[in-house]
Amino acid sequence: MKFKIAIFTLISAISLCNAQVKKWTLEECVTYAVEHNISVAQFNLDLESVKLDKSDALGAFIPSLNGQASVSGNTGLILDPTTNNLVSGTIMSSSMNLTSSVTLFDGLRNFKNLQRAKLNAIAGQYRLDDLVDDIRLNVANAYLQILSNKEALKVAKAQLAVTEQDLNRTKELVDAGVVPKGDLLELEATVASQQQQIVNNKGLVLISKINLAQFLQITDYDSFDIADDSFEVPPTSILDNSAKTIFDKALTFRNDIKLSQANVDLASKDVEIAKGAYMPTLGAFFNYNTRYSDQNRNPFTGEDLNFIDQLWLNDGISYGAQLNVPIFNGWSTKNNVTRAKIALDRTKLQYEADKLALEATIQQSYVDVKTFGKAYEAAQKTLEARRIAYDYAKDRFEVGLMNSFDFSQAQSRVDDAEANVIRTKYDYIFRIKILEFYFGLPIQLN
């Protein structure tokens with residue numbers, strides 16, 4: 001038993017450790033965010049409500065059926081509902097009826113409402129898919145920000161290690177009398193500054209993790225982390241396509257554009273529904289009714305009729321059709337049609353505005369890819385030049401031909417150049433992914 005308990009404890013500890021070292025990939029983050037996002041859950045509820053609208057529209061084609069029953073007691077001079085005779089005294093009576101009605105024609109508005117419900121369901125799905133697209137982009141941006149901050153932290157730690165080596169070397173030079181002690185103090189100040197930068201970078205990593213965790217609806221910020229992969233700029237052929245080509249393709253699949261077009265279709269259907277009010281409506285009805293009275297007697301024997309017998313003797317049916325022709329209704333139908341047409345014009349203008357906004361976004365993204373690509377190349381060249389200058393300054397410093405302040409400045413310029421390379425690299429990666437996303441390519445970092 002003790003052995004089994006020990007094994008169980010060991011397995012539990014291993015499982016706990018594995019849970020604590022969970023490293024999230026970008027694909028896992030995107031999938032989890034879509035499945036647990038509160039707005040997505042709300043939009044899914046909206047879709048369920050839209051399905052009910054479709055059910056309501058289908059129900060308009062089905063005849064209605066309603067039943068009614070009543071029981072009443074009266075004292076005094078009262079009309080017997082079964083004989084239509086006036087009686088004096090106390091009478092107990094009841095009535096029951098079943099009524100069915102159906103709309104035969106209403107200007108085709110029932111058909112239009114069903115079509116509108118189907119269009120609204122499609123629009124709701126586009127609205128949800130567009131939200132998911134935004135979530136994917138936001139998660140990718142937050143994920144890349146963590147990678148950028150982590151890489152900057154690694155560089156800061158490496159820079160501190162180099163500076164500490166220079167500090168130890170300077171101590172030897174000071175002891176040998178090659179450089180003055182003031183140079184040693186300058187390097188000690190540089191070490192302190194770099195240590196402070198490491199603290200700041202750790203804070204940035206933590207904040208960026210919290211931002212991503214909030215997108216994922218995760219509150220355990222302490223144990224949340226992403227995979228420690230270092231991504232280089234991915235190969236891409238997206239710039240082989242013109243911005244116009246990317247825009248034309250985006251129009252065919254972008255959910256925000258599909259949603260805008262669906263809104264135009266909905267508004268067009270609303271105009272048709274409003275015009276249907278000009279047409280006559282035709283309906284049919286059928287009614288079965290019966291009644292009971294405690295004063296009702298058999299006309300031949302004079303005996304009281306029981307409840308069941310009266311239901312059969314006093315029943316009846318009625319049926320018919322009703323035609324309603326609109327002649328004048330205070331211009332309400334005309335005004336409703338005009339309102340619907342105005343709403344249609346508004347949605348058409350919004351559709352054009354959405355296309356223009358998409359085109360402007362793609363044009364900007366296209367320029368961003370080129371701009372950030374050149375900025376990244378320039379940052380790499382600058383870093384290479386700064387490193388060469390730093391090596392030259394280090395050689396001069398070690399033989400006493402450069403003071404510690406100028407040497408620290410050379411090192412600071414290298415630090416800034418390395419930070420700029422990291423920043424421009426991840427900015428460039430994200431701009432590539434945005435443009436590829438508008439071209440219909442999935443967001444992947446591998």
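Tyr126 has a relative accessible area of 22%, so it counts as partly exposed (buried means under 20% relative accessible area, exposed over 50%, and partly exposed in between, with a 1.4 Å probe and protein chains only). Before you click on, note that this is a predicted model, where local features need pLDDT of at least 70, side-chain atom pairs count only at pLDDT 80 or more, and totals for chains, interfaces and linings use all residues. Residues are numbered from 1 along each chain as its sequence is written, and side-chain values use heavy atoms, with hydrogens and water left out.

Tyr126 sits in helix H4 (helices are DSSP runs of H or I with at least four residues, strands are runs of E with at least two, and both are numbered from the N terminus). Now select Asn255 as well: its C-alpha atom and that of Tyr126 are separated by 5.3 Å, although the two residues are 129 residues apart along the chain. Leaving aside residues up to four places away in sequence, Tyr126 touches Asn255, Lys258, Leu259 and Ala262 (contact means heavy atoms within 4.5 Å).

Asn120 is in helix H4 too. Is Asn120 buried or exposed? With 16% relative accessibility, Asn120 counts as buried. Its contacts, again not counting residues up to four places away in sequence, are Val50, Asp53 and Leu266.

**Stop two: salt bridges**

How many salt bridges does the structure hold? There are 18, a salt bridge being a side-chain nitrogen of Lys or Arg within 4 Å of a carboxyl oxygen of Asp or Glu.

Select Lys23 and Asp225, whose side chains form a salt bridge at 2.8 Å, N to O. This pair links distant parts of the chain, 202 residues apart: Lys23 is in the loop between helix H1 (2-20) and helix H2 (26-36), and Asp225 is in the loop between helix H5 (181-215) and helix H6 (243-253). Lys23 is partly exposed at 35% relative accessibility, while Asp225 is buried at 11%.

Next, pick Glu272 and Lys112, which meet in a salt bridge of 3.0 Å, N to O. Glu272 belongs to helix H7 (residues 255-275) and Lys112 to helix H4 (residues 109-176), so this pair ties together parts 160 residues apart in sequence. Glu272 is partly exposed at 32% relative accessibility, and Lys112 is partly exposed at 21%.

Then try Asp166 and Lys394, with a salt bridge of 3.3 Å, N to O. They are 228 residues apart, with Asp166 in helix H4 and Lys394 in helix H9 (residues 332-398). Asp166 is buried at 5% relative accessibility, whereas Lys394 is partly exposed at 24%.

**Last stop: H5 and H10**

Colour H5 and helix H10 (residues 404-438): their axes come within 9 Å and cross at roughly 25 degrees. The two helices are therefore roughly parallel to each other. To see the contact, select Gly182, Asp183, Glu186, Leu187, Thr190 and Gln194 of H5, then Ser404, Phe405, Phe407, Ser408, Gln411 and Asp415 of H10.

Terms used
Axes fitted to C-alpha atoms, helices over the stretch in contact; angles between N-to-C directions. Parallel < 35°, antiparallel > 145°, perpendicular 65-115°, else oblique.
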